Amino acid sequence: MRTLTIADNWKDWKFGDTDAVMTFTALDDDKVPDFSNRTLTFKIASTLNNDLEHPKDFAATATGYIQDKNVILKTEDVKQLTPGNYIVELWAMSNDTQKDAVYPSKGFAQFTIEENSMKVSDVTNIPSMTINAFWNAVMQKVGTLTKGAKGDPGKTPKIVIGSVTKLSPDAQPSATLVPLQSDPNTYTLNLQLPQGVQGEQGLQGIPGVGSKGLDGNNGLTPTIDPKTKHWMIGGTDTGVIAEGQAGKDADPSKYVTIVSFNQLRQQVQDNATALDALQKSAVNKDLQTQVANLTSQVTDLTSQVKALQEAKPDTPASSADSPSTPVSSSTTTPDSTPASSAPATNASSASTSETSASSAAQ
């Protein structure tokens, strides 16, 4: 929120005092704003019956000057104001964006111009005594004047257009000339102009009537030249080939042909059939049976040989027995043929049987 307050020391001054300065303090949210690149203008209005909340007439504008973080208003810049109560706003225009910041955001600052002893505020109603006193004072002032030396030619001021502020239709137009701080001979002209009253809405126009346009010409149908295979539009060869280019032949070494695949699959099927037939054949079953029988016989013979090797005589042989007579055995072979042999002979037979069984299995 923006605020604007006036110091009490020069809040009141008399009409005709052009050597006084009013000091204003402007704040943005309780902080001192930076006015270094802004054009400052005071806008002043008179009040009706001292009603400060309802201005009567826009009275004057004056330039604001920066002094010790404050903004001052010189009474010589508003010497045209007559005695009365006035309200004031500070307008700070950015020289870059041409936008205005108005102080204060709510209400107004105020000051009062008092009547002086001459009571000269309305030239249409001046008492004769006041006129005589005023005339005597003027003549006394003139008598002290002497002709001075001729001054130097003045500089022609430069005026540049500043901002143009749009006011409400019932506002009074105004203008301000603000000297540039960088060049006091150059002034910025700021205008405050009321906008015009909005006029009445005009009558609606008659709808337009148009006519249907002519049909366009048929377009050209593209064709393909049988020799060049190019697209042709009318009689123009576009140079664009309308047919695709032939591709490269595939490398057969990287692929398995259907014939080779079928041959391999047939070989697998044939081998599987032959193997299955071999497993199911009667010859194979007979061989397995013979091998089983021979294996059983070898196992029995091995047991008998082991038993004979472990048997030992308990008593010495009698003299009636001849040492050269071999021991008779009633052991029979698997073929029910009586056998009479010593342990070594039986072991030899077992070895021979194992060899025969192995040959039969093969």
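Visitor: In which strand is the place of Thr-188?
Guide: This model is predicted. The place of Thr-188 is within residues 186-194. That run is strand β13.

Visitor: Is Thr-188 buried or exposed?
Guide: The relative accessibility of Thr-188 is 8%. Buried means under 20% relative accessible area. Thr-188 therefore counts as buried.

Visitor: Which residues does Thr-188 touch, not counting those up to four places away in sequence?
Guide: The contacts of Thr-188 include Thr-176, Leu-177, Val-178 and Leu-180.

Visitor: Which element gives the most to the largest nonpolar core?
Guide: The largest nonpolar core has 26 residues, and Phe-24, Ile-44, Leu-73, Leu-81, Leu-90, Tyr-103 and Phe-111 touch the most other members. Elements giving two or more residues to this core include β3 (21-28), β4 (38-48) and β8 (84-94). With 4 residues, the element that gives the most is β8.

Visitor: Which residues does Leu-73 touch, not counting those up to four places away in sequence?
Guide: Leu-73 is among the core residues that touch the most other members. Its contacts include Phe-42, Ile-44, Ala-62, Thr-63 and Val-78. The list for Leu-73 also holds Ala-20, Val-21, Met-22 and Phe-24.

Visitor: What kind of peptide bond joins Tyr-103 and Pro-104?
Guide: Most peptide bonds are trans. Pro-104 is found in the loop between β9 and β10. For the bond joining Tyr-103 and Pro-104, omega is about 0°, and the bond is cis.

Visitor: What is the phi of Asp-30, and is this residue buried or exposed?
Guide: Most residues other than glycine have a negative phi. Asp-30, in the loop between β3 and β4, has a positive phi of about 65° although it is not a glycine. Because its relative accessibility is 67% and the cut-off for exposed is over 50%, Asp-30 counts as exposed.

Visitor: What is the relative accessible area of Gln-98?
Guide: Gln-98 lies in the loop between β8 and β9. Its phi is near 60°, a positive value in a residue other than glycine. Gln-98 is partly exposed, and its relative accessible area is 37%.

Visitor: How many residues apart in sequence are the parts that Arg-2 and Asp-28 tie together?
Guide: A search of the whole structure finds 1 salt bridge. The side chains of Arg-2 and Asp-28 meet in a salt bridge at 3.2 Å, N to O. Arg-2 lies in strand β1 and Asp-28 in strand β3, so the parts tied together are apart in sequence by 26 residues.

Notes. Residues numbered from 1 in each chain as written. Predicted model: local features only at pLDDT ≥ 70, side-chain atom pairs only at ≥ 80, totals over all residues. Heavy atoms only, no water. Buried < 20%, exposed > 50% of the residue type's maximum accessible area, 1.4 Å probe, protein only. Contact = heavy atoms within 4.5 Å. Core = buried A, V, L, I, M, F, W, Y, C linked by side-chain atoms within 4.5 Å. Salt bridge = Lys/Arg side-chain N within 4 Å of Asp/Glu carboxyl O.
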